[in-house]
Amino acid sequence: MVDDYIKFVELIYDKSGIDLSQYKEKQMKRRLTSLRDKKGFSSFDTYFKALDSDETLLHEMLDRMTINVSEFYRNYKRWEILKDEIIPGLAEGKPSLKVWSAACSTGEEPYTLAMLLSDFYDLNNVSILATDIDENAIQRAKMGLYPERSLKEAPQDKINKFFTQNDKMFTVRDELKQAVTFKKHNLLADSYPKNVDLIVCRNVLIYFTEEAKSTIYSNFSKALKPNGVLFVGSTEQLFNPSSYDFDVLSTFFYQKVNK
Ligand SMILES: C[S@@+](CC[C@H](N)C(=O)[O-])C[C@H]1O[C@@H](n2cnc3c(N)ncnc32)[C@H](O)[C@@H]1O
């Protein structure tokens with residue numbers, strides 16, 4: 001008999017185009033089983049039948065499979081390395097940079113990138129593509145409204161310059177917003193941008209199977225210009241960077257070899 005969960009994965013793929021089989025099975029199954037139980041279904045079969053005809057249930061399920069946790073300047077020291085050691089080399093002689101924040105969640109990461117690039121470029125010349133599979137997250141990112149805690153690692157001068165504060169909520173100012181373009185994009189299914197100078201993709205690859213990760217690294221390598229840089233998250237270091245034409249610049253930073 002086909003496992004109830006495996007069948008569910010197939011049905012969700014047919015319905016939404018989202019391939020749960022490319023996410024680590026143990027973790028994903030645990031997350032979805034707990035939601036399913038909470039909703040009062042004892043099998044994935046009955047759960048699918050219900051969400052097949054109930055958009056709210058479906059969206060709740062998709063919301064559970066995407067983990068949207070993020071914050072501005074997450075792991076602050078790595079953003080310092082990006083600013084002090086990586087961007088100067090990338091920006092040399094270039095009037096602008098093509099930057100992609102992949103799996104950007106609710107926008108903290110691409111807005112951080114825009115603030116950081118404002119030290120190198122006029123923001124009118126900065127254009128960051130920010131993508132995520134989750135449309136709700138993208139809507140929130142476009143709104144640009146954040147609680148104080150998500151800015152706890154952000155430098156005070158940048159907060160003063162790029163946010164307006166209303167009580168305990170902070171709104172991204174238009175000059176920062178206009179530097180970022182948000183789009184829906186599935187890293188496992190959609191085509192990748194080309195000729196990118198810098199790809200930032202953090203804290204999503206950990207959820208994928210080894211095969212899926214390998215395909216994504218290889219797609220990132222193809223998406224980058226020669227000498228372009230990939231910035232990954234904690235515990236997402238590449239096992240064998242040279243097989244994707246990457247040199248290690250520093251932990252978490254990989255440069256596409258120029259050949
Ligand atoms: C933990 S957040 C990471 C946010 C940000 N990069 C950071 O490090 O703070 C993971 C994001 O990956 C997104 N995601 C999950 N699967 C994806 C896929 N197949 N394609 C694109 N984004 C995906 C989720 O929707 C979620 O917003």
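Here is a short chat about the ligand site and salt bridges in this predicted model.

Me: Nice. How many residues surround the ligand, and which are the closest?
Reply: The ligand has 21 residues around it, and the closest are Tyr23, Ser70, Arg74, Asp132 and Asn203.

Me: And how do the residues of that shell divide into nonpolar, polar and charged?
Reply: The shell around the ligand has nine nonpolar residues, seven polar ones and five charged ones.

Me: OK, Asn203 then. What lies 2.7 Å from its polar side-chain atom?
Reply: That would be an oxygen atom of the ligand.

Me: What about nitrogen atoms of the ligand?
Reply: There is a ligand nitrogen 2.9 Å from an N or O atom in the Glu109 side chain. For Ile133, a polar backbone atom is 3.4 Å from a nitrogen of the ligand.

Me: So how much of the ligand's accessible area does the protein cover?
Reply: On its own the ligand has 600 Å² of accessible area, and the protein covers 98% of that.

Me: Switching topic: how many salt bridges are there?
Reply: The count comes to 14 salt bridges. Among them, Lys39 and Glu60 meet through their side chains at 2.6 Å, N to O. Another one of them joins the side chains of Arg36 and Asp37, at 3.1 Å from N to O.

Me: Is Arg36 buried or exposed?
Reply: Arg36 counts as buried because its relative accessibility is 10%, and the cut-off for buried is under 20%.

How values were computed. Residues numbered from 1 in each chain as written. Predicted model: local features only at pLDDT ≥ 70, side-chain atom pairs only at ≥ 80, totals over all residues. Heavy atoms only, no water. Near = heavy atom within 4 Å. Polar contact = N/O pair within 3.5 Å; in protein donor to acceptor, adjacent residues only side chain to side chain. Areas by Shrake-Rupley, 256 points an atom, 1.4 Å probe, with all protein chains shown as cover. Nonpolar A, V, L, I, M, F, W, Y, C, P; charged D, E, K, R; others polar. Salt bridge = Lys/Arg side-chain N within 4 Å of Asp/Glu carboxyl O. Buried < 20%, exposed > 50% of the residue type's maximum accessible area, 1.4 Å probe, protein only.
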